[in-house]
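Dear colleague,

Please find below the structure I promised to pass on, with the sequence alongside. My notes on what I found in it follow.

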Amino acid sequence: MTTAGFEQSSKGKPLWLLAELTYKCPLQCPYCSNPVEIAKYQDELTTEEWFRVMREAREMGATQLGFSGGEPLVRKDLEELIAEARRLGFYTNLITSGVGMDEDRIKAFKEAGLDHIQISFQASNEELNNYLAGTKSFNHKYEMARLVKKYEYPMVLNIVLHRKNIEQIDDIINMCNDLDADYVELASTQYYGWSRINIDQLLPTKEQLDNAWQVTQKYKEKYKDKMKLIYVIPDYYETRPKPCMNGWGSVFLTIVPDGTALPCHAAHQLPIEFPNVRDWTIEGLWNDSEGFNVFRGFDWMKEPCRSCPEKTKDFGGCRCQAYMLTGDARNADPVCDKSPYHAELHADVERINKLAKEQDPNKDEKPLMFRNMRNSKDI
Ligand code: FES
């Protein structure tokens, strides 16, 4: 089917493979986008099974590979997986908290051919970082970030922004400068998984976001020859949806720890049966499984997306967000102001803004729900 010159029914190729190796993690971030039911994913793929996944994805045309989690450093075979990925010709990225890393491991990653390491921080000071991570980790992360630079990796830092840390934005950027960062992602929390549970405590106010944007602009100019700053606001403040995953089943392939294959890392929550690499080849699941075909093309769309001229740009937005906020993944993403659910989302954002402004900073608000096995079982 061709719409406005855009070949959307094409199945594309899984150019980007995200390997979520494990959901085990020494950290307990309350904004984690992992599934809330982490206990369900204990039966992890073996080293050999990951080798097969990588080989078949590469044969399909995949070139970029992200090792993520949970915390991928928990996997003792990470060095072996990296070496095999490089042998197959992938450009390899490690997405990590730095906890579980030491100099010997960084050396081993270098020898295995790892191309890229991204380290995340929770905040720019020890106290808040450790509180949000649910564990003492700030000083170790700092040391690891320095070592990553010493081993001549590009310094890529990721700081997830939300109401608990957004007012540190100056200090966060200065910390990144102190660490000689080349790229900094100041990515606002999006509200999936654990962060959705904690939204009342995490969503920043409009004023906080505007202020953070202005501060970031100032530093963008100041450090323009040194460090690239990328600032992303929460979808909930937008009026047009993002072209999530660049279109369903068109570029991104996520494999979660138990081998389930997803068109997006948050899709586990959708009422769809997704294929598992233990039963399917990568080519088979990409081309023929129901889970990968269900939102390809435009025929699945309801109004207002179906007749919207922007559908070829944004594909109706994020399917996971549509499902979470409306109960039907075929609806327009309510971030879009053409969606009949947009006013409801806007009212909820207003409610949280009001809550945040009335909050007495000296009093604890509702406690955060940290991401851990105990809480996972209680939800
Ligand atoms: Fe799943 Fe957007 S996060 S489609």
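**Overall build**

Of the 379 residues of the protein chain, 44% count as buried; please keep in mind throughout that this is a predicted model. The protein chain has 15 helices and 11 strands. Its radius of gyration is 21 Å, close to the 21 Å that the globule rule gives for 379 residues, so the chain is as compact as a globular protein of that length. Taken along the principal axes, the box filled by the C-alpha atoms is roughly 50 × 50 × 45 Å.

In soluble globular proteins, nonpolar side chains tend to be buried together. Here the largest nonpolar core has 101 residues, and those with the most contacts inside it are Leu157 and Cys176. The largest share of this core, six residues, comes from strand S7. With residues up to four places away in sequence set aside, Leu157 touches Ile119, Phe121, Ala145, Cys176, Leu179, Ala181 and Val184.

One of those partners, Ala145, is among the buried residues of helix H5, together with Phe138, Lys141, Met144 and Val148. Seen down the axis of H5, the buried residues fall within an arc of 120°, so they line one face of the helix. They pack against helix H3 (103-112), strand S6 (116-121), helix H4 (126-133) and strand S7 (155-161), whereas Asn139 and Lys150, on the other side of H5, are exposed. The helix itself, residues 138-150, has 13 residues and reaches 19 Å from its first C-alpha to its last, close to the 18 Å expected at 1.5 Å a residue. Just after H5, Glu152 takes a positive phi of about 65°.

**Helix H1**

For H1, the 13 residues should span 18 Å at 1.5 Å a residue, and the end C-alpha atoms are 18 Å apart, which agrees. The buried residues of this helix are Trp50, Val53, Met54, Glu56 and Ala57, and what covers them includes S3, S4, H2, S10 and helix H10 (282-288). H1 is followed by Gly61, whose phi is positive, near 115°.

**The annotated cysteines**

Under "binding site", the UniProt record, an unreviewed entry, lists Cys25, Cys29 and Cys32. Leaving out neighbours up to four places away in sequence, Cys25 touches Gly69, Gly70 and Glu71, while Cys32, with its neighbours within four places left aside, is in contact with Gly193, Trp194 and Arg371.

**Backbone geometry to check**

Two of the contacts of Cys25, Gly69 and Gly70, are joined by a cis peptide bond with omega of about 15°, and Gly70 is placed in the loop between strand S4 (64-68) and helix H2 (78-88). A cis peptide bond is also found from Glu303 to Pro304, with omega near 10°; Pro304 lies in the loop between helix H11 (290-293) and helix H12 (311-314).

Positive phi values turn up in residues other than glycine as well. Asn246 has a phi near 60° and lies in the loop between strand S9 (228-232) and strand S10 (252-255). Is Asn246 buried or partly exposed? With 14 C-beta neighbours inside 10 Å, Asn246 counts as partly exposed. For Phe315, phi is near 55°, and the residue is found in the loop between H12 and helix H13 (319-326). With 27 C-beta neighbours inside 10 Å, Phe315 counts as buried.

With best regards

Definitions and conventions: Residues are numbered from 1 along each chain as its sequence is written. This is a predicted model: local features need pLDDT of at least 70, side-chain atom pairs count only at pLDDT 80 or more; totals for chains, interfaces and linings use all residues. UniProt positions are given in the numbering used here, feature names are shortened, and annotations may be inferred rather than shown by experiment. Two residues are in contact if their C-beta atoms, placed from the backbone, lie within 7 Å. Helices (H or I, at least four residues) and strands (E, at least two) are DSSP runs, numbered from the N terminus. The expected span of a helix is 1.5 Å times one less than its number of residues. A residue is buried if 20 or more other C-beta atoms lie within 10 Å of its own, exposed if 12 or fewer, and partly exposed in between; C-beta atoms are placed from the backbone. The arc is that of the directions from the helix axis to the C-beta atoms. The radius of gyration is taken over C-alpha atoms; the globule rule is 2.2 Å times the number of residues to the power 0.38. A nonpolar core is a set of buried Ala, Val, Leu, Ile, Met, Phe, Trp, Tyr and Cys residues joined through C-beta atoms within 7 Å.
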